[in-house]
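Here are my notes on the model you sent over. Please read them with the structure open.

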Amino acid sequence: MSKTNNFDVQSTFCVLCGRTDDCPEKYGEKRTYVEYNLTVHYYCLLMSSGIWQRGEEDEGVDGFLITDIRKEVNRAAKLKCNICKKKGASIGCVAPKCKRSYHFPCGLQRECIFQFMEDFRSYCWEHRPVQTFTDKESREASQCTICLDLVEHLPLYTVLKSPCCKNAWFHRECLQYQALSAGIFFFRCTVCNNKDSFQKEMLRMGIHIPERDASWELEENAYQDLLHCYQHCDVKRCLCKKGRDYNEPDSKWEIKRCQYCGSRGTHLACSSLRSWEQNWECMECRSIFAKSGKYSKRKKRALATSEKTNGTTCLLEEPPPKSPRQSSGSPCNFLLQSPKIMCQNLSPCSHLEFPASNRVTMSLSPVMSNRNWSLRHRHLRKQRWEACNILKELKVQVKTKTTRLNINAENIWSSALKGFRQRIFSPTNTIEVSFLNCKNKSKTKTSAASKHHFFQLLMHHLQNSSLFEGSSGKNLSLDFQAVKENLYFEAGKMIAVCLVHGGPSPGFFSKTLFDCLVYGPENVKPVLEDVADVDVAQTIKTIKYANNLSSLQSTLQDCCEFLAAAGCLKPVTALCDKNMLVNDLLIYHVIKRITLPLESFRQGLKTLGVLEKMQMHPDVFSSILCHKPERLSAETVCDLFTIHSSSDVNKVEGADFWMGYLQDVESGESVVTLEDILLFVTGSCYIPSIGFDPEPTIKFLHITYPIGNRLLNCLELPITKTYQQFKNKMELTIRNTLRAEKE
C-alpha cells in the first residue's frame, strides 16, 4: 500500500479504543503506521474479538492484515462499551450468554481479565476467573515477595497468590511488571522458582508474559564489566614510579591478583615476589585464614623464605608463601596432559608460552574438590562414553537415503510433528533439516548445523511441554487430548530418533519415569517428590506426617472425595495404616493414572531399538536421560579435539596457545564462549549423545585466520608468534562468523 500524505492529528488516536495514551505496560506498544494512516495499541489489537492473525509476521501489523483491521474497526463502531458508553467496543466477554462489550483500557479499569494465551479470551468483571481461598489459609497480611510491601490475603482483583507456594502472595501490578521484564524464559515463582504451574496460573489470571528474552539479557554489553581484569596495586606503599595502575607483563612491575578473591592486586616487586608463578594473598583474605587457624603454619614458612630474598621487601605487607603456582594435582594440568597429539614433533608442553597478563589461575572450589563429587563426576562421564558407543551401534541402521524436514523454529512442535508423520518419513533415513523463515523460504544453513539446532529446540520444547510435569526431574502428565492424538508415542519416537541421529541428551527424566520404562511400572515405588500437583502433594504429605490416629482420621474425613477418586477410600483403624495409604495414593497419582500415556511413550521409544538398549544397559542410559548434559569446560573441549600438525611445523607454540586460549574462554576473559568455539567448528553448541562424526580435529597451518570446516569437524588454526595475536584472531573470526550467520 502506498504511503498517504494526509496523515493528520486524528491518526494519533488508537483506532480501536480511541485513546491517545502511550503506556506500553498497560496497553502494549502504541504503534503508528504512516503508510496506512493507522495508530493502534498492540493489546487492543490482540484482544479484539473479531480479528485473527491471517498473515505472516512481516505482513500488516505483526500478522494482522490491514484489511482485517479496517473490518474490525467497522464492526466495533456499531458496539457500545458497557463501561464508558461510547462506541467502538471491540472486545466481548466469552462467557456464555454474556453480551457485554468494552474497550481494552475500560476493561482494565473495571477489572476485567484478559488472557494472553491460546485464543486470547476476555472475561468481564462478573464472569472473570478467580483464585480459590481455603478456610485454612491465613487471613493476616504478608509481604509481597516482589515489592516487599504488605499485601492483604483477600480474593481481590489486585491480589494474586502463588499456585505452588502456600504463603506467597503478590500485588497484580508487581507481577505484571516482573513478567514484562523477565519474559517467558525467566518469569517464575520468586519463592520456589517453579516455572510451569506458576506461569500457567498467572496466564489464567490475566498476567501477560511476553515471548521474548529477559530485558537484562537484551541489554547490549550488559555484562561487559565482568570481562575486565582487576589491575591495581593495593599494598600500602607502592614502589612503582609509574603509578599503582601500571602493569608491565614479564617484569617485576607485572600486577598479580589475590589468588582467593581476585579483587586486590600487587606489583611483583612491591610484595617481593620473584615470579608471576608464586601465589599471593591480600591482607583481607590472609586475616580470614589467620582467624580460622588454617594460615599460621604457611605464614611462618613464608616469613622464613622471605629472609633469603634479595628483592625489596614490602612495607606493611608480609611476603606471601612461596609455594609453586602449579602442583601435580593442579586443575590446569589437563591442558598439559590430556590433549590427543597425533604428531611426534608436538608433545605435551611443560609451560605456557604466552604473556603473563593473559594467564589465569584456575582453582577448584571446596565443592568441586570433594572426593565424592569427583568420583560421581567420573562415573557419569564413563557411563556417557559407554552410551555413546551403544548409540553408535544403533546408528548402523541409518541409511544414506535422506528425508528432509521443513521446520518453522517459531512453531517447532507442529512442524516437527508434521515432518515425523509424513508418509515418506523413516527413522532409518538420514535426516536433513531446512529451517523456514516467515515467508516460508529456506534459510541458508549447513545441514549439520540445522539438524543440531532442530534437535536442541525439539528437546527443549518437549521438556517444557504439557506432556510432562514436574520442576526438574519430569514424569509423564495426564493429557487426554494428547492421548487421543497419540502425542506420547510421537514424543517417545522423537527422543529415540534424536539420540541416534546426533541430538543432545534429554536429561530431564525423573528416576521414577526411567524405572517405569526400564523395569515396568509394577516394579517401581514412587516418592512424594514425583507428585507435581501442589494440592495433591500437600494432602498426601498431611496424611504421611499425621502424628496420631485422631488427626489422621480427621484428615481422611476432610479429603474423602479425593480418596474415593483414587480408589483408596478404606477404613483406617491404626496409625500405621497411613503408610500403606500413602503408598497407594502415590502409585495411583504417579503411575496408575498415566498408564495409557506411559504405554504409548514406551512404544515410541522402541524406535530404532532404543528402549531395548535402555533395558539392557539401564545405568548407562540413565546418565543421558536422567542427568543434565555435562557443562562444557576447557578440559572437555580439549579432550574432544585431536591435534594434528603439518610436516613443516616444528614448534609447539600452536598447541600451547590453543590450550591457554581455552582457559581464558572458560574463565570469562574472552568475548566468545566454549559453546561458540564448538558451534564455529561443528555447527553444534553441544556435544551430541552419540558424539561427533567425524571426530573433531585441529590442524596448525600457515594461514592468516582460523577456519572451521563443519563437514570434517576440523579446526584449522594459524601459527602466530605471540599468544595475544592468536587470541585476537580467534575472537575476531569466531565472533564475526557467528554474528553473520545469526543475521
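1. Basis. This is a predicted model, in which local features need pLDDT of at least 70 and side-chain atom pairs count only at pLDDT 80 or more, while totals for chains, interfaces and linings use all residues. Residues are numbered from 1 along each chain as its sequence is written, and side-chain values use heavy atoms, with hydrogens and water left out.

2. Overall chain. The protein chain has 27 helices and 21 strands (DSSP runs numbered from the N terminus: H or I, at least four residues, for helices; E, at least two, for strands). Of its 743 residues, 45% are buried. Buried means under 20% relative accessible area, exposed over 50%, and partly exposed in between, with a 1.4 Å probe and protein chains only.

3. Cysteines. The whole structure has zero disulfides (cysteine sulfur pairs within 2.5 Å). C270 is in no disulfide either; the nearest cysteine sulfur, in C238, is 3.9 Å away. C14 is buried at 3%, and C270 is buried at 0%.

4. Strand β14. This strand spans residues 402-407. T403, L405 and I407 form its covered face; T402, R404 and N406 form the uncovered one. β14 pairs with β15 (residues 430-435) in the parallel sense, over six bridges; pairing requires at least two DSSP bridges. T403 has I431 as its bridge partner in β15.

5. Salt bridges. There are 21, each a Lys or Arg side-chain nitrogen within 4 Å of an Asp or Glu carboxyl oxygen. D196 and K474 form one, with the closest N and O atoms 2.8 Å apart. D196 sits in helix α6, K474 in the loop between β16 and β17, 278 residues apart. D196 is partly exposed at 31%, whereas K474 is buried at 2%.

6. A local pair. K511 and D515 meet in a salt bridge at 2.9 Å, N to O. Which helix holds them? Both lie in α16 (residues 511-519), four residues apart, so about one helical turn separates them. K511 is exposed at 61%; D515 is buried at 12%.
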